[in-house]
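My notes follow the structure.

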Amino acid sequence: MLKKILAITGKPGLFKMVAHNGRTLIVEDLVSGKRFPISPRDRVVALGDIAMYTENEDKPLGEILDLIYAKEEGKQLDVKEIIATEGLKNRFETYLSDFDKERVHDSDIKKLFTWYNLLVNSGITKFTEEETEPEEEEKEGKTEEKGK
């Protein structure tokens, strides 16, 4: 799911890729629903391609979002309150205790929490792709062929 959700440098919020035409992407703002083209000059990254530093190996963003969603029971995060009361790193540590405290900055955590709120507000609550077994894919393919 996160492979089609995009962050665009210089534009606030998150965007869903709805189509691509040659070199141009058509995206939809998750909040307003407005669609517009993105040129090849724009720096675009899919949330599914982002990971955060930990003490061992990098943790994919989708897995971190799933941890937050489970711990918060799907509720929004009040980022301003978190900053004022406990601090971003202290709160983030409750979700991912082995994150690299030197390489993960407050701004990264704030952006993550903001993205989490945007995704949940948009009805996106499943952040990691479940891999299907290869045998299941073969069965599905054979079933489709028989139906033709």
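**Helix α3 and its neighbours**

I began with the contact of α3 with α4: L88, K89, R91, F92 and Y95 in α3 meet D106, I109, K110, L112 and F113 in α4. Contact here means heavy atoms within 4.5 Å. The residues of this contact divide into 6 nonpolar, no polar and 4 charged. In that count Ala, Val, Leu, Ile, Met, Phe, Trp, Tyr, Cys and Pro are nonpolar, Asp, Glu, Lys and Arg are charged, and the others, Gly among them, are polar.

I noted the source before going on: this is a predicted model, in which local features need pLDDT of at least 70 and side-chain atom pairs count only at pLDDT 80 or more, while totals for chains, interfaces and linings use all residues. Residues are numbered from 1 along each chain as its sequence is written, and side-chain values use heavy atoms, with hydrogens and water left out.

I then looked up the geometry. Helix α4 covers residues 106-121, and α3 packs on α4 at an angle of about 60°, with the axes 9 Å apart. That makes α3 oblique to α4; under 35 degrees counts as roughly parallel, over 145 as roughly antiparallel, 65 to 115 as roughly perpendicular and the rest as oblique. Axes are lines fitted to C-alpha atoms, for helices over the stretch in contact, and angles run from 0 to 180 degrees between N-to-C directions. Helices are DSSP runs (H or I, at least four residues), numbered from the N terminus. The crossing of α3 and α4 is left-handed, meaning that the near helix is turned anticlockwise from the far one by less than a right angle.

**Helix α1 on α3**

I checked α1 (residues 61-72) against α3 (residues 88-95): their axes come within 9 Å and cross at roughly 90°. The two are therefore roughly perpendicular to each other. I64, L67, I68, K71 and E72 of α1 make the contact with R91, F92, T94 and Y95 of α3. These residues divide into 5 nonpolar, 1 polar and 3 charged.

Is R91 buried or exposed? I found R91 buried, at a relative accessible area of 16% (buried is under 20%, exposed over 50%, partly exposed in between, with a 1.4 Å probe and protein chains only). Neighbours within four places in sequence aside, R91 is in contact with E72, L77, I82, E86 and F113.

E93, also in α3, is partly exposed, with a relative accessible area of 32%. Leaving out neighbours within four places in sequence, I list F99 and K101 as its contacts.
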